Amino acid sequence: MKPLERPFNVNSITRRVDVDDRIPLRYYYRIADNLIKQASVYREEKNLIDLYIILLRFSSLLSETIPFHRDYQVLLPKERAIYRKKLLAVLDELESLKPEFQRQVNELNKAHTVSQQQQIDVLERTPYDSEISSQWPPVNKKPFPSFDNKQAVSRAPQISWKYKNDHTQVLSSNPMQVDKQFQKLSLSLPLPKKETLSRHSFLGPNGLRGQWLGPSAEIKIQYPSNTDLTSTENLGTSQDEQYDLATIKDSDLGGDRSPMESVLSLDDGRWLCPSEESPQFTIEERDDNFPLGNIRQPSPPPVLAQIQQDCHSIPPSKVADPRPGPATSQHGMPSSNSYQHLHIPVSMMEDFLRLALANTKKNLETCGVLAGSLKNRVFHITTLIIPKQESTSDSCQTLNEEEIFEVQDKLSLFPLGWIHTHPSQTCFMSSVDLHTHYSYQIMLPEAIAIVMAPTDTSSPHGIFHLSNPAGVSVIRNCQQRGFHPHEEGPDGSPIYEHCSHVYMNPNLKFDVVDLR
């Protein structure tokens with residue numbers, strides 16, 4: 001059993017959810033249904049700890065949240081009676097699971113304590129002197145007689161050691177001479193140019209200023225098996241063609257230069273030149289299958305979704321909230337603000353852009369609902385639902401939500417968030433978007449909001465959620481409608497942030513249910 005990153009605290013994980021009367025009472029009962037559905041998965045997988053936590057959340061929702069809704073006593077009396085019976089059954093199951101749950105939690109906490117103590121012991125057994133001695137050659141330490149520092153410097157002996165080839169290297173132990181030697185070496189090396197550093201950056205020739213190439217409708221990526229891979233030589237050739245590397249001749253480098261100067265001056269002045277044509281968003285409508293391009297990649301495991309953190313400022317003409325905060329790392333077992341992993345099919349966002357193409361050409365937003373399954377503590381988006389909707393250039397409203405619920409219930413799907421386009425705006429979450437996503441995140445904490453901004457070359461897409469508890473609290477207490485500004489959380493944290501629990505899965509398939 002893997003040790004915890006921090007002690008297991010049940011109270012912080014299952015804290016009470018405050019009621020919001022703006023959310024219809026039936027939504028809260030759907031939240032209860034989702035919790036029961038999660039509990040069934042954990043029960044089948046014999047995941048006792050997560051099962052116990054979900055049942056605690058269910059009991060808290062039914063006893064500490066829903067009864068305080070303003071419509072609890074007047075609406076849905078049949079559901080009220082049904083869920084009271086479910087609550088009694090859950091309380092009985094919690095009582096029966098409590099001893100085994102407590103035993104496993106104690107083991108986890110004990111393993112955490114042992115792991116922490118081992119780390120402390122390792123640090124105490126590794127003094128600073130031993131680290132230095134492992135990096136530098138051993139020195140014969142001899143006690144010096146008592147005299148001043150000047151005498152010590154002038155009479156300091158030389159230190160020598162031998163390499164395997166029996167050639168003796170001598171290094172003066174005089175600190176001043178050593179400093180002068182290193183200074184002389186550092187001054188002899190020319191400083192690299194900023195353009196050169198940008199050119200050799202792993203981010204590409206233009207570094208962070210490079211232009212993102214959006215998904216193309218003419219190319220489809222094929223992931224062959226691991227045995228069907230391109231040779232190393234072919235890969236190197238394709239990379240050279242992709243970046244169009246210029247061959248630098250020796251005659252172009254000027255006079256005689258040292259090898260270091262030659263490497264640090266490989267700048268022909270072309271990297272900082274702006275592109276002649278600004279990229280435009282173009283997606284061709286196709287009814288036939290997509291041709292396979294000459295792009296071959298191995299089948300990789302799910303990777304963390306790309307995080308676009310270099311966001312530009314929002315134009316003042318559009319009322320927007322502060323830009324998103326960085327993704328919050330997730331470690332160890334669940335805590336009050338940790339999330340289970342969520343996998344997204346790689347091609348889903350590209351396919352959604354094609355479905356939204358007609359509206360995008362008219363400068364109208366398009367939205368879709370994300371739904372999926374839960375297996376081994378990981379949510380998988382398996383269905384993209386396109387509901388009936390009304391759209392403008394900066395908003396999108398779903399219609400006939402009962403049809404969406406019917407699809408989710410029929411296929412036993414979890415509501416995992418939503419996706420929508422910004423056809424002519426940058427990639428951000430407006431105040432209206434934040435209020436919309438609030439209802440999804442209340443339904444399921446792992447729910448995400450995907451923003452597709454095809455005309456934003458610096459950040460064409462983003463995967464966001466409300467920060468918890470700061471962002472959730474701000475939106476819950478906000479009574480305004482329409483576009484309006486939001487202040488940051490009470491602790492200064494951003495209202496929404498990039499997701500850290502989302503992974504792109506190339507092996508995950510999905511279905512599209514278009515209800516329009």
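Six of them, helix H2 (25–44), strand E7 (367–375), strand E10 (396–398), helix H13 (401–410), strand E11 (414–421) and helix H14 (431–443), each give at least two residues to the lining of the second largest pocket. Please keep in mind that this is a predicted model.

How much space lies in the second largest pocket? About 1100 Å³. Its lining consists of 40 residues, and those nearest the centre are Gln397, Glu401, His435, Thr436 and Ser439. By class, the lining of this pocket has 17 nonpolar, 14 polar and nine charged residues.

Which element gives the most to that lining? That is H14, with eight residues. So much for the pocket; the rest of this talk stays with H14.

Helix H14 also packs against helix H15, residues 470–477. In general, a pair of packed helices is described by the angle between the axes and the distance between the axes. For H14 and H15 the angle is about 115 degrees, and the axes are 10 Å apart. Angles of 65 to 115 degrees count as roughly perpendicular, and H14 and H15 are therefore roughly perpendicular to each other. Their crossing is left-handed.

Which residues make the contact? On the H14 side they are Leu434, His435, Tyr438, Gln441 and Ile442. On the H15 side they are Val472, Ile475 and Arg476. Sorted by class, this contact has five nonpolar residues, two polar ones and one charged one.

One residue links the two parts of the talk. His435 is among the residues nearest the centre of the second largest pocket, and His435 also takes part in the contact of H14 with H15.

Technical notes. Residues are numbered from 1 along each chain as its sequence is written. This is a predicted model: local features need pLDDT of at least 70, side-chain atom pairs count only at pLDDT 80 or more; totals for chains, interfaces and linings use all residues. Side-chain values use heavy atoms; hydrogens and water are left out. On a 1 Å grid over the protein atoms alone, a cavity is a set of points where a 1.4 Å probe fits but cannot get out, and a pocket is an open set with protein on both sides within 12 Å along at least five of seven lines; lining residues have an atom within 4 Å of a point. Grid points are joined across faces, edges and corners, and a volume is the space filled by probe spheres set on the points. Helices (H or I, at least four residues) and strands (E, at least two) are DSSP runs, numbered from the N terminus. Ala, Val, Leu, Ile, Met, Phe, Trp, Tyr, Cys and Pro count as nonpolar, Asp, Glu, Lys and Arg as charged, and the others, Gly among them, as polar. Axes are lines fitted to C-alpha atoms, for helices over the stretch in contact, and angles run from 0 to 180 degrees between N-to-C directions. Angles under 35 degrees count as roughly parallel, over 145 as roughly antiparallel, 65 to 115 as roughly perpendicular and the rest as oblique. A crossing is left-handed if the near helix is turned anticlockwise from the far one by less than a right angle, and right-handed if clockwise. Contact means heavy atoms within 4.5 Å.
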